[in-house]
Amino acid sequence: GKTTLGFIGIGIMGLAMTRNLLKAGYQVVVWNRNPDKCAALAAEGAKVASTPQEVAAAATYTFAMLSDPEAALDVANRPDGVAAGMAPGKGYVDVSTVDAATSQAVAAAVRARGGAFLEAPVSGSKGPAEQGKLIFLTAGDQALFNAVSGPLDAMGKAKFFLGAEGAGANMKLVVNMVMGSMMTAFAEGLALADKVGLRQQDVIDVVGLGAIAAPMFALKGPAMAARAYAPAFPLKHQQKDMRLALALGDEVGQPLPLAAASNAQYIAARRQGLGDADFSAVMEAVLGQAAAEATEAHNKAAK
């Protein structure tokens, strides 16, 4: 039989990734904070554990897809956490998007119990996760990278080994920072086009044929024009990545004024209650700002 794998964190991404591991013939043991999320996978052949420790103890290699640094540290370090279930010959692959310091802390906890560690944040959201076309940005123990190449290939289309832990986290923050700024700029473009009487679909088509064409614009543009934001990558996670990227820039003395301006728009969208919508819902913050300024101007004129 194939190696037994663990998967912790069964959200939009974890569900799709675990399904691909099951399809590839692996035995998979799963855990999620809310156990209801594991029911579909149990029906498809996964075993459900009651703690992260139980997953790590049962599996040779355990993967985790968690929402933020706080969750990543908690799942690793809690008394019934992953580190408690680690032993020599086992490995922990954290595919969450966190900062380098969090990754290094999780690595230390795992290695203290004799386990190996790989950070492997992914580029790609719901669609690529379902299609097994994620890109893994890995760093940490190279022997573990080699050992889990089969599972990574079942879940993704490419994998990079970037060096010591922290390098994968930093690469992911760079990529997501650029993505977040691109999305905000695109939202502003669509909003301006609409204000001057251009059809937003024409803008999407023109952009798609030129040098700034991007799969993201082609994919998200029509939904943004329709103001429909079904979550592939939740806006609250995009804002968290902007926050972590800005903190990284601060740490190394690299000013990031564009990313900071974009982050302000994601924060505004969260305040509008759009944290669980797709990150393209930053469009609503851009439109909301225009509406707020128009109201303010109207009120001034009325005085």
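**Salt bridges and a nonpolar surface patch**

E165 is buried, with a relative accessibility of 17%, a value that falls under the 20% cut-off for burial. The structure described here is a predicted model. E165 is placed in the loop between strand 9 (156–161) and helix 10, and its side chain meets that of R111 in a salt bridge with an N to O distance of 2.9 Å. Because R111 belongs to helix 6, this pair ties together parts of the chain that are 54 residues apart in sequence.

R111 also takes part in a salt bridge with the side chain of D141, at 3.2 Å from N to O. Here again distant parts of the chain are linked: R111 lies in helix 6 (residues 100–112), whereas D141 lies in the loop between strand 8 (134–140) and helix 8 (142–147), and the two residues are 30 residues apart. D141 is partly exposed, its relative accessible area being 21%. R111 is likewise partly exposed, with a relative accessible area of 30%. Both values fall in the partly exposed class because this class lies between the limits of 20% for buried and 50% for exposed residues.

A further salt bridge is formed by E284 and R227, whose closest N and O atoms are 2.7 Å apart. This pair, too, links distant parts of the chain, with E284 in helix 15 (residues 282–302) and R227 in the loop between helix 12 (215–225) and helix 13 (235–252), 57 residues apart. The two partners fall into separate accessibility classes: E284 counts as buried at 13% relative accessibility, while R227 counts as partly exposed at 48%.

A search of the whole structure finds 13 salt bridges.

F160, L162, M171 and V175 make a nonpolar surface patch of about 300 Å². One of these residues, V175, is located in helix 10, which spans residues 167–195.

Definitions and conventions
Residues are numbered from 1 along each chain as its sequence is written. This is a predicted model: local features need pLDDT of at least 70, side-chain atom pairs count only at pLDDT 80 or more; totals for chains, interfaces and linings use all residues. Side-chain values use heavy atoms; hydrogens and water are left out. Patches are made of residues with over 30% relative accessible area and no salt bridge: like charges are joined within 9 Å, nonpolar side chains (Val, Leu, Ile, Met, Phe, Trp, Tyr) within 5 Å. Accessible areas come from the Shrake-Rupley method with a 1.4 Å probe; for residues, only the protein chains shown count as cover. A salt bridge is a side-chain nitrogen of Lys or Arg within 4 Å of a carboxyl oxygen of Asp or Glu. Helices (H or I, at least four residues) and strands (E, at least two) are DSSP runs, numbered from the N terminus. Buried means under 20% relative accessible area, exposed over 50%, partly exposed in between (1.4 Å probe, protein chains only).
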